[in-house]
Amino acid sequence: MKKIMKATLTAASVSVALAGIALEAQAADKKILLKVPVAFATSLPGLGSPIPKVAEQVKLVSNNSIRMKVYEPGKLVAPFEILDAVSRGKINAGYTTAGYWAGKIPASPIFSAVPFGPDAGEYMAWMYYGNGLKLYQEMYDQAGYNVKVLPCAINPPETSGWFAKPIEKPEDLQGLRMRFFGLGAKVMEKLGVSTSLLPGSEIFPALEKGAIDATEFSMPAVDTRVGFHKIAKYNYFPGWHQQSTIFELLLNKDTWNQMSESQQAVMNQVCKASMADSFAEGEAKQFAVMKENVEKNNVKIMKWNDTMLEAFRTAWVDVAKEEAADDAFFKKVWDDLNGFREDYKLWGSNGYLPRQK
């Protein structure tokens, strides 16, 4: 018994000592202020709401050695300028999504959302335990951007869009003007849609003024907050273009390199925790909004028929082939993700019950 008590006391002493060393290391860390412009209003659940929580946790876990000041869209840097501003050191951090950089880096949308792509669990598996995260950083490095990227939130499926009339066949899409995101926009263009990538704050005014005929943006809880249901009453599912969406925290690499190992670990682990929390928030907040949309806002929840889903899928296969042929790094990432998904099928098709009806 004495030996056990002695061993227990020794272990406790070691734990206290290690905790003291950790606190001393934190106390010695250089204080860092991250000024973080965001691409999405923090009032939008699951879309902009994760980053204030990250800021709060980073401050607590780092023992106040890292603080984050969050700026609403356009207050410090315009949403589509965040990557360049962080890379140049105009700001030292930013919260956005890689799909916004498709015009600069063709492979970037693969790290944001993939049509007919992985759901959140499979996406994170590739990101953290496949080659996803390594390729994500490599993408920015080889493109010449001086940034460190941390996946920092992930959303469940989006709605497939808000339309003023039913869409029953591919011909019904011909000539529509629609706000659309990422690689899915290229699919829609193949089906005769004229697409534009508007930031969130500009979508409703464009829809209201008739500059666009239809739009997609995010999950029901976000879309309803923006007010699309006031104009377009046909809300389509499933979100074939974004079965899950990753959001990134970009840090200027010089700022990242100035952080201690402890501070870098804080940033990594808080962002990983945010991935879980944002997904849970997204899953929890959709069904009540969908119910309210039907009962109070006269929204019609629509499911794509098999003909439309097959048209989207066929067009996507063509888009993916074209993108891979046009850009070597896109092909590298696409081949890696496809290889992971092919292996994952054995588990994914056997491990889970069919979705409840």
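1. Helices (H or I, at least four residues) and strands (E, at least two) are DSSP runs, numbered from the N terminus.

2. Who touches whom? On the helix 4 side you'll find Glu122, Ala125 and Trp126, and they meet Val333, Asp336, Leu337, Phe340, Arg341 and Tyr344 in helix 13. Contact means heavy atoms within 4.5 Å. Sorted by class, this contact has six nonpolar, no polar and three charged residues. For the classes, Ala, Val, Leu, Ile, Met, Phe, Trp, Tyr, Cys and Pro are nonpolar, Asp, Glu, Lys and Arg are charged, and the others, Gly among them, are polar.

3. Now the disulfide, meaning a pair of cysteine sulfur atoms within 2.5 Å. The count comes to one: Cys152 and Cys271, with sulfur atoms 2.1 Å apart. Cys152 sits in strand 4 (residues 147-155) and Cys271 in helix 10 (residues 261-284), so the pair ties together parts 119 residues apart in sequence. The torsion about the S-S bond of Cys152 and Cys271 is about -80 degrees, so the disulfide is left-handed.

4. Are those cysteines buried or exposed? Cys152 is buried, at 0% relative accessible area, and Cys271 is buried too, at 1%. Buried means under 20%, exposed over 50%, and partly exposed in between (1.4 Å probe, protein chains only).

5. Have a look at the backbone as well. Most residues other than glycine have a negative phi, and most peptide bonds are trans. Phi of Asn63 is near 60 degrees and phi of Asn64 is near 70 degrees. Asn63 lies in the loop between helix 2 (50-61) and strand 2 (66-71), and is partly exposed at 40%; Asn64, in the loop between helix 2 and strand 2, is partly exposed at 32%.

6. One more backbone item: a cis peptide bond joins Phe237 and Pro238, with omega about -5 degrees. Pro238 lies in the loop between strand 9 (234-237) and strand 10 (245-252).

7. A word on the ground rules. Residues are numbered from 1 along each chain as its sequence is written, and side-chain values use heavy atoms, leaving out hydrogens and water. Because the model is predicted, local features need pLDDT of at least 70 and side-chain atom pairs count only at pLDDT 80 or more, while totals for chains, interfaces and linings use all residues.
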